[in-house]
Every structure is written in C-alpha cells, then in structure tokens.
Amino acid sequence: MIRTQRLAAGVCALLATLAAGLAFPAAAEAGEPTSGANAKVDLVLDVSGSMRTRDIDGGTRMAAAKQAFNEVLDATPEDVQLGIRTLGANYAGNDRQTGCKDTAQLYPVSTLDRTEAKTAVATLSPTGWTPIGPALLKAAGDLADGDGSKRIVLITDGEDTCAPLDPCEVAREIAAKGIGMTIDTLGLVPNTKLNKQLSCIAEATGGTYTSVEHTDELTDKVNQLVDRAADPVVTPVATEGAAQCTSAPALKSGLYTDREEFGQQRWYKVDVDPGKELRASVSVAADRAVNPSYGVLLRAVTVHGREIVRGESAGNGRTDVISTGLRYPKAESDADDAPAETVCLQVTNSFSPASGVKTTPGMPLELTVDVVDGPSKASDVASFGLGRGWWLLGVLVLVGFVAGLLWGWLSRWRVAVWRTN
C-alpha cells in the first residue's frame, strides 16, 4: 500500500517551492533555466514473457527494443546521465509475490559508458511478470539524488500484473516528490486497456503517452524523450487564476504556481495555434488536515463554454498530493493566417477541511502548460475525454440507424409471410 508517510519529503519540497514562487514572483519568468545540473533519464524496459511475441517488423518485441536501445545509446547527449531498469527480467516462476518484486537496475543512472550499457542490454531475455508499479517506485528512487530534470521512460507491451499497487497511484506519488520528475510511456501493443493505463501514468506527471508499432518509431520517440530531458528545468512562476475565463490570465508554456481554496474554481487561458497540441497537468497539495474522499478536475473549455476534454482524479486519503492532466490537439488549417484558438483551463477541487481547520490561504496548486507540435498520427493522442467521445457517439448513432432499418425490414417481411400463410 502506498503510504502518506512516504510522501512527506516530496510534499515539503513541493510546498517550499510553491512558497518561494509566491514570495518572489517578480524574480521568475516562465522558461528561465535553473541550475546547470545534468539531466537524468531512467529507461524502464518490460522484459516479461510476452515480449517474445513476433509482431514488430517481423521480429520479436524484445528484438525491436534491443535495436532501439542500441541506437538510443549511441545518440544520447554527453550531458545526460542515463540508466536502464528492467521489470520481469529475472523470475520465470508462477509465484505472484516473487514475480511482483522482479525489477532490477540493469545499468545505473550515471555518465554513460556505451559499450557497457549495450553489453547489458544484449543479455536480456523475455522472462516473467509485469510489475509496472513496483518498477516505477524503484525508478523514482534511482533518480532521487541531485538537481536537474528527471525523466522516467517506460516501455511495455502489457498492463501491470501486480495490483493492488496501481501504477496510476504510483505515478501520482512520484508527481509529489518534486518538480522535474516526469514519466513518459510507450506502448508496444495497440490495446485499449493498456492505452488507458499508460495514458493515466503519463498524465499524472505531465508526461506523454505514445503507441508505437515499428522499431524506427520506438527509436525516434525514445531519442526525442532523452533529448527533451536535457532541456533546462524551468523556474515556477506565481500566477493568480480568475473566477471566470473572461478575466483569466493568459499563460504560455511553462510551470506556474497558484493557491486554490476548498471547492474553488480557478481559470486560466492558453492560445493554441492550428497544428499544435496543448498539454496541461495540475497538482493540488493538501497542506493541512482534510477529509478523505476528494478529487481534482482539469477541464479544457472553449471561450463559449463548450467542454473540449477533461482530466480528473480522485483520492481517498492515502496521498497528500493529487494530480491529473489532459491533451488537446488542434487540427491543421488550410489557411496560412488561421488564428489561434483561446482555450480556457478550469481547475476545480473537491477537498473539504477537517473540523477546526482554517480554509485560508488556499492550498498550493502547481500547473504545467506546454504547447507543442501536434501528433503525427491519431494513436499519439490519449484515449480519454470528449476528444474521442464525439467519434464514438457518431458511430453509435450510425449503428443504431442501420439496425433500425434492418429490424423494420425484417418485421415487414415476417408480417408479409404470416399473411400469405
């Protein structure tokens, strides 16, 4: 079970950062780099038995992963410290308790020795279970020391097999450990349940989820994420959300801090150009005693009030920080001078104070906004919210219409046969 006590250090660090941002807003700007500490990346690779399946470019999933890793190791920047962690690589038995502990550091997070790292990868063979939750917890520990950006890249072809340690809950715990801890997920199988779980893990930390089906796609995406880790960590900027969208502050890509009272709504605005994708995540920290059963909601809404997509998360008192996120890709436009769309972001929480607890000032809120190039294909977009829901609604309407026609024709035919007989 994930314990609140394990989050204490991370929450304190988060609150200290938020307090610093509120106390010194004039000294910070979005996108301002912090210290020059080396970026750290931990590649977490699924080596469970299913990785021997042959469905990627005529070879096994494991062979595709090995080839991608070798190319990524060659291209890793010198200023990035990289490590490799495995899950399901060592225990081939049927004991669930043992299988769910099967995660190991194959190569430590450090200055890269390419020959040594490639040799370690070459020894891997698909073996056991899929303990994603335990592996993510260990990976967070691999990156715990030092400053600079910290990124976990999870590559898997299956869902976690070690519930009740929910990987989404683990990701939310990791989000509370400090700024810069991001999880990106790559799925090797176009599976709805897997997509949902990997999207949830990524969204909890402001990361990305991508479905890949070819070796070159896997190589390109991991290279992109490793390069992104080398980008400087930005300084959080204090902002003040509004009670409605019309008066909300306009935000650009960056990391922002605010405070939100119990049950309060906070609004922010972001301009999204055609062909771009908005990625946003929010974390709300309970810095005082609260009642169990709470949640946080992040909505992307048009200026006319129509909901575009939403992200939401609920808690039951096991963590002190709760996070969620969303993605909104805006389609390309044929017009060169097409205007940007103003998207309103609404943050709402359902925390309630325990008896005798002060409700002011509001609870610390951390908002990440990123406007990036749109996805190259639809599978790169997380499968949640109304972004996909309208397509589903259209399909259901069409199926219902066709079924009605067929049923009417069949009924008339049966009546005609009955009258003839």
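**View 1. The salt bridge between Arg114 and Glu78**. The side chains of these two residues meet with an N to O distance of 3.6 Å; a salt bridge is defined as a side-chain nitrogen of Lys or Arg within 4 Å of a carboxyl oxygen of Asp or Glu. Arg114 belongs to helix H4 (residues 114–122), while Glu78 sits in the loop between helix H2 (61–75) and strand S4 (80–87), so the pair ties together parts that are 36 residues apart in sequence. Helices (H or I, at least four residues) and strands (E, at least two) are DSSP runs, numbered from the N terminus. Arg114 is partly exposed, at 23% relative accessible area, whereas Glu78 is exposed, at 65%. Buried means under 20% relative accessible area, exposed over 50%, and partly exposed in between (1.4 Å probe, protein chains only).

**View 2. The salt bridge between Arg151 and Asp184**. The closest N and O atoms are 2.3 Å apart. Both Arg151 and Asp184 are buried.

**View 3. A network of salt bridges**. Arg299, Glu307, Arg310 and Glu312 are linked in this network. Within the view, the side chains of Arg310 and Glu307 meet at 2.9 Å, N to O. Arg310 is partly exposed, with a relative accessible area of 28%, but Glu307 counts as buried, at 13%.

**Notes to all views.** Across the whole structure, a search finds 15 salt bridges. Residues are numbered from 1 along each chain as its sequence is written, and side-chain values use heavy atoms, leaving out hydrogens and water. In this predicted model, local features need pLDDT of at least 70 and side-chain atom pairs count only at pLDDT 80 or more, whereas totals for chains, interfaces and linings use all residues.
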